[in-house]
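Please consult the sequence and the structure shown here.

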Amino acid sequence: MKVKETFFLSHGSPTLSIDESLPARHFLKSWKDTVFPHTPNSILIISGHWETHHPSVNVIAPPNPNDTIYDFNGFPKPMYKLKYPAPGAPHLAKRVKELVLASGVADRVDEDTKRGLDHGAWVPLMLMYPEADIPVCQLSVQTQKDATYHYNLGKALAPLKEEGVLIIGSGSATHNLRLLKKNSTTQPSWALEFDTWLKNTLIEGKYEDVNKYEEKAPYGKVAHPWPDHFYPLHVAMGAAGENAEAKLIHHSWSEGALSYASYQFTSA
């Protein structure tokens, strides 16, 4: 099966795993019915919660499943009992390494044989594919690099779609945790302006502007004081190709300024 689409998902708070009041939770639970009815051969997910100096892939060989990483503190106890034992995808990990090195985007790709899936990966996947039967490989981001680097990283991964791999970037459309307000239903102007700019720029296909968001976008450094949760978007965008069509597939807010905007990129 060939895959034409790549996706960027805003995974928001870890409470997405248990909070039935979040619209994004229901969106992800309806994934196979409303967004992507096909079953991919495997999943490559790029999460904003794995930062490394060099691109890294987790190489988990059967029969061992991916471990569930609880990389959050102070949340309700039931969240620490959740498991997402998806099988590893060692062949996919090797392909990712092969493609990235061949592209020249990076001259080194590390293999991590112990790391499982962080909550930026397992929380959305648990809702989308609760059976946990699709092999999953995770790829890290390099926050010392820029957005264009991550876009080119995505371009290097584009051949994976022909091999039936679903490529997902998991981050957040806005991610300034210091400016969140619990239980707030009002969005501050900076969040609204950045979120709207992102939607319009993606839908208009101005991907180069998204690569240069720090200079092009209103409140770019306010919406993303650190780029870890934005770079997964650039990887998904690059993997779709420069003539891909972007589509907003979900939009909601929580805690005032946390956007759950999620996008589908369909290759031309």
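## A buried arginine and its partner

Arg25 is buried, with a relative accessible area of 9%; buried means under 20% relative accessible area, exposed over 50%, and partly exposed in between (1.4 Å probe, protein chains only). Arg25 forms a salt bridge with Glu20, that is, a side-chain nitrogen of Lys or Arg lies within 4 Å of a carboxyl oxygen of Asp or Glu. The closest N and O atoms of this pair are 3.1 Å apart. Glu20 is partly exposed, at 41% relative accessibility. Together with Lys29, Glu20 and Arg25 belong to a network of salt bridges.

## Basis of the model

This is a predicted model in which local features need pLDDT of at least 70 and side-chain atom pairs count only at pLDDT 80 or more, while totals for chains, interfaces and linings use all residues. Residues are numbered from 1 along each chain as its sequence is written, and side-chain values use heavy atoms, with hydrogens and water left out.

The structure holds 13 salt bridges. One of them joins Glu163 and Arg95, at 2.5 Å from N to O. This pair links distant parts of the chain, 68 residues apart: Glu163 is in the loop between helix 5 (147-157) and strand 6 (165-171), and Arg95 is in helix 3 (residues 90-103). Helices (H or I, at least four residues) and strands (E, at least two) are DSSP runs, numbered from the N terminus. Arg95 is buried at 16%, whereas Glu163 is partly exposed at 33%.
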